[in-house]
Amino acid sequence: MILAGVLVAGVGVGLAQAPRGGQSDGALRPRPGANRQPGIPPPSIIDYKPRSTLVIAEHPVPRAKFPVIDVHSHQPAPISAAQLASVVQSMDPLNLRILVNATGASGDALARSVDAIRSTPHRNRMVMFTNIGFRNVGPGFGQRAAAQLEADVKAGAVGLGEISKDFGLGARKADGTRLALDDPELDPIWETAARLRIPVLIHTADPQEFFQPLDLQNERWLEMALFANRRFPPDRYPAFEQLMAERDRLFRKHPKTTFIAAHMGWHANDLGRLGRMFDDMPNVYGEVGAVLYDLGRQPRTARAFMITYQDRVLFGKDSYQPDEFPYFWRTFETADEYFDYYRDYHAFWKLYGLDLPDEVLRKLYYGNALRLMPALPRDGFPQ
Ligand SMILES: [Zn+2]
């Protein structure tokens with residue numbers, strides 16, 4: 001933290017050098033009346049919802065410009081014909097073409113889930129990923145899980161995942177120790193995914209602020225206060241950077257395995273870092289679920305990033321809430337300014353559109369997913 005006194009003395013300090021998570025120099029500079037207190041009780045952050053007076057063109061986008069594959073959806077597995085019909089009815093006006101059900105099922109449940117979709121008129125609108133329960137990992141676990149993975153792919157799974165954040169944060173080995181992401185016992189799984197040419201959708205850790213103290217400088221204060229299970233204090237959990245290091249060793253150790261880092265690997269707040277990762281690891285892709293608040297608060301940097309890495313990004317939403325998708329379309333497709341995000345506990349700030357070129361939108365929405373998953377239904381997409 002830069003001392004205010006130093007600034008007042010006029011010592012040359014770059015104005016852009018705000019400390020991580022801190023306030024800018026200007027906000028710290030003492031000013032006349034700076035110690036003034038509100039004459040009426042201040043509202044809580046829950047109550048204060050100022051109405052914007054900005055008058056500016058608005059271009060809501062209820063329907064995506066191109067058909068979309070959501071590679072990170074959570075749906076019942078198996079899903080009933082009636083449930084699927086109802087989901088498809090909500091997908092159509094959004095231009096959602098295929099949902100990847102990444103809730104995960106394997107063995108008999110996976111086979112029944114695949115059959116449940118294939119026995120309906122909507123067989124081309126949803127696909128299944130298989131999953132692995134990382135419990136009691138000990139000698140032989142990796143080989144058994146790899147064999148199950150191969151059987152599940154034969155039964156119709158087109159990918160593996162979502163491997164949840166519990167892998168790394170919570171999962172224990174048979175001997176009681178924490179299962180590290182790069183535990184060599186699991187190598188046969190990743191090697192089998194490479195041989196079968198299926199992607200692995202993996203969610204590692206959570207936003208970095210969830211690992212930081214719940215103080216008044218934490219930009220996720222409200223979310224952490226609302227959800228106790230989104231706090232990862234260091235006395236009970238591995239540090240964010242430890243999980244990132246294990247993840248990166250895993251990605252590097254299996255260069256022939258395609259990994260889709262869910263939620264942009266939680267680096268959407270540091271796209272320089274994510275870009276270096278993509279440069280270093282050609283087998284790694286990013287999925288944009290639940291990080292729209294980070295892309296939309298840096299529209300110029302995010303636009304440049306999405307153009308540079310247009311072959312490495314996939315659309316995913318995670319939680320299936322039909323009314324939330326249009327926020328993604330508007331952020332990706334328009335140059336709108338200062339518009340609302342859909343959850344105040346994710347982000348108390350406004351979003352700005354990235355105005356992505358059509359070529360990039362096509363890859364983000366469906367092109368990259370079709371390339372990574374040759375088994376996906378092809379009908380309904382532009383040639
Ligand atoms: Zn998910």
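In the predicted model, helix H12 spans residues 299-308, and its buried residues are Ala 302, Arg 303, Phe 305 and Met 306. A residue is termed buried if 20 or more other C-beta atoms lie within 10 Å of its own, exposed if 12 or fewer, and partly exposed in between, with C-beta atoms placed from the backbone. The four residues lie on the same side of H12, because they cover an arc of only 165° around the axis; the arc is that of the directions from the helix axis to the C-beta atoms. The cover over these residues includes helix H10 (271-280), helix H11 (292-295), strand S8 (313-314) and helix H14 (358-372). Helices (H or I, at least four residues) and strands (E, at least two) are DSSP runs, numbered from the N terminus. Residues are numbered from 1 along each chain as its sequence is written. As the model is predicted, local features need pLDDT of at least 70 and side-chain atom pairs count only at pLDDT 80 or more, while totals for chains, interfaces and linings use all residues.

Just after H7, Arg 197 adopts a positive phi of about 55°.

The protein as a whole contains 14 helices and eight strands. Its C-alpha atoms fill a box of roughly 70 × 50 × 40 Å along the principal axes. Of the 383 residues, 41% count as buried. Among contacts between residues at least 6 apart in sequence, 78% join residues at least 24 apart.

Nonpolar side chains tend to be buried together in soluble globular proteins. The largest nonpolar core of the model has 105 residues, and those with the most contacts inside it are Ile 69, Met 128, Val 200, Leu 201, Ile 260 and Met 306. Such a core is a set of buried Ala, Val, Leu, Ile, Met, Phe, Trp, Tyr and Cys residues joined through C-beta atoms within 7 Å. Met 306 is also one of the buried residues of H12. With residues up to four places away in sequence left out, Val 200 touches Leu 160, Gly 161, Ile 163, Trp 190, Ala 193, Thr 257, Thr 258, Phe 259 and Ile 260.

Strand S3 (residues 126-130) is mostly covered, five of its five residues being buried. Met 126, Met 128 and Thr 130 point one way from S3, whereas Val 127 and Phe 129 point the other way. Strand S2 (residues 96-105) pairs with S3 in the parallel sense over four bridges, pairing being assigned if DSSP finds at least two bridges between two strands. Val 100 stands opposite Val 127 in S3. Together with helix H4 (residues 107-118), S2 and S3 make a right-handed β-α-β unit; a crossover is right-handed if, with the strands pointing away from the viewer, the path from the first strand over the helix to the second runs clockwise.

Most residues other than glycine have a negative phi, and most peptide bonds are trans. Two cis bonds with omega near 0° were identified, one from Ala 77 to Pro 78 and one from Gly 161 to Glu 162. Pro 78 is found in the loop between strand S1 (68-73) and helix H3 (81-91), whereas Glu 162 is placed in strand S4 (residues 160-163). Ala 205 has a positive phi near 60° and lies in the loop between strand S5 (200-202) and helix H8 (221-226). With 25 other C-beta atoms within 10 Å, Ala 205 is buried. Tyr 338 likewise has a positive phi, of about 55°, and is located in the loop between helix H13 (325-333) and H14. Tyr 338 is exposed, with 12 other C-beta atoms within 10 Å.

Terms used: Contact = placed C-beta atoms within 7 Å.
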